[in-house]
Amino acid sequence: RNFGSLTGKKKSNVIATMGSEAYIKMLKGWDVLAPEGESLEMVYERVVAYFKKTILKDLQAGKNILIISHHQTLLTLIKYLDNIPNKEIADIKLGNAEVVIYNFNYDYNSFSKEQII
């Protein structure tokens with residue numbers, strides 16, 4: 001996620017400047033833009049497009065795929081795969097270095113999911 005003018009700044013300084021409530025809203029809000037940056041909705045559009053264009057094709061070719069990424073990017077992919085409503089994206093819990101395994105069925109429209117904490 002592009003955090004725009006907040007990139008490279010300490011979290012504590014950002015919270016001190018914008019306030020804790022505004023920070024949480026910006027961080028977890030679906031359509032809330034980071035200053036001069038992007039929203040989770042914008043990240044979702046990029047991630048899902050890439051998943052459909054590249055990753056899904058590799059899965060259909062029989063490949064096993066390992067995705068390692070930043071927290072916000074992974075949240076949007078989980079939102080897509082688990083069909084989570086926009087307003088519930090803030091409720092997705094994903095721990096640091098947590099492993100989530102999706103085993104897709106032959107039709108690639110359904111899967112089983114396993115979280116390893």
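Modeller: Let's start at Ile92, which is in contact with Leu75, Ile78, Lys79 and Ile84, once its neighbours within four places in sequence are left aside. Please keep in mind that this is a predicted model.

Ile92 belongs to the largest nonpolar core, a set of 19 residues in which Phe51, Ile78 and Ile92 touch the most other members. Helix 3 (40-60) and helix 4 each supply at least two residues of this core. Helix 3 gives the largest share, nine residues. There is also a second, separate core of six residues, with Val14, Tyr23, Leu27 and Ala34 among them.

Aromatic pairs come into the picture here, and the whole structure has four of them. In one, the ring centres of Phe51 and Phe104 are 6.4 Å apart and the planes meet at 35 degrees, so this pair is tilted. Because Phe51 sits in helix 3 and Phe104 in strand 1, the pair ties together parts that are 53 residues apart in sequence. Phe104 has 22% relative accessibility, so this residue counts as partly exposed. Ring pairs also join Phe51 and Phe104 with Trp30, Tyr44 and Tyr80 into a cluster.

Now for the charged side chains. In general, side chains of opposite charge can pair when their charged atoms come close. The structure holds three salt bridges.

One of them joins Arg46 and Glu38, with an N to O distance of 2.7 Å. Arg46 is partly exposed because its relative accessibility is 48%, whereas Glu38, at 9%, counts as buried.

Another salt bridge brings together the side chains of Asp58 and Lys63, 3.8 Å from N to O. Asp58 has a relative accessible area of 25%, so it is partly exposed. Lys63 is partly exposed too, with a value of 46%.

Then there is the salt bridge between Lys113 and Asp82, at 2.4 Å from N to O. This pair links distant parts of the chain, since Lys113 is in strand 2 (residues 111-116) and Asp82 is in the loop between helix 4 and strand 1, 31 residues apart. Lys113 has 37% relative accessibility and so counts as partly exposed. Asp82 is partly exposed as well, with a relative accessible area of 25%.

Glu98 tells another story. This residue lies in the loop between helix 4 (71-81) and strand 1 (99-104). Glu98 is buried yet has no salt bridge, and the nearest side chain of opposite charge, that of Lys113, is 7.5 Å away. A salt bridge needs the nitrogen and the carboxyl oxygen to be within 4 Å, so that distance rules one out. What the side chain of Glu98 does reach is the backbone nitrogen of Gly95, at 2.6 Å.

Let's finish at Gly62, in the loop between helix 3 and helix 4. Its relative accessibility is 60%, so Gly62 counts as exposed. Along the chain, Gly62 and Tyr106 are 44 residues apart, and their C-alpha atoms are separated by 9.7 Å.

Conventions: Residues are numbered from 1 along each chain as its sequence is written. This is a predicted model: local features need pLDDT of at least 70, side-chain atom pairs count only at pLDDT 80 or more; totals for chains, interfaces and linings use all residues. Side-chain values use heavy atoms; hydrogens and water are left out. Helices (H or I, at least four residues) and strands (E, at least two) are DSSP runs, numbered from the N terminus. Buried means under 20% relative accessible area, exposed over 50%, partly exposed in between (1.4 Å probe, protein chains only). Lys and Arg count as positive and Asp and Glu as negative; His and the chain ends are not counted. A polar contact is a pair of N or O atoms within 3.5 Å; within protein, one must be able to donate a hydrogen and the other to accept it, and residues adjacent in sequence count only if both atoms are side-chain atoms. A nonpolar core is a set of buried Ala, Val, Leu, Ile, Met, Phe, Trp, Tyr and Cys residues joined through side-chain atoms within 4.5 Å. Contact means heavy atoms within 4.5 Å. Rings of Phe, Tyr and Trp (its six-membered ring) pair if their centres lie within 6.5 Å; planes under 30 degrees apart count as stacked, over 60 as edge-to-face and the rest as tilted.
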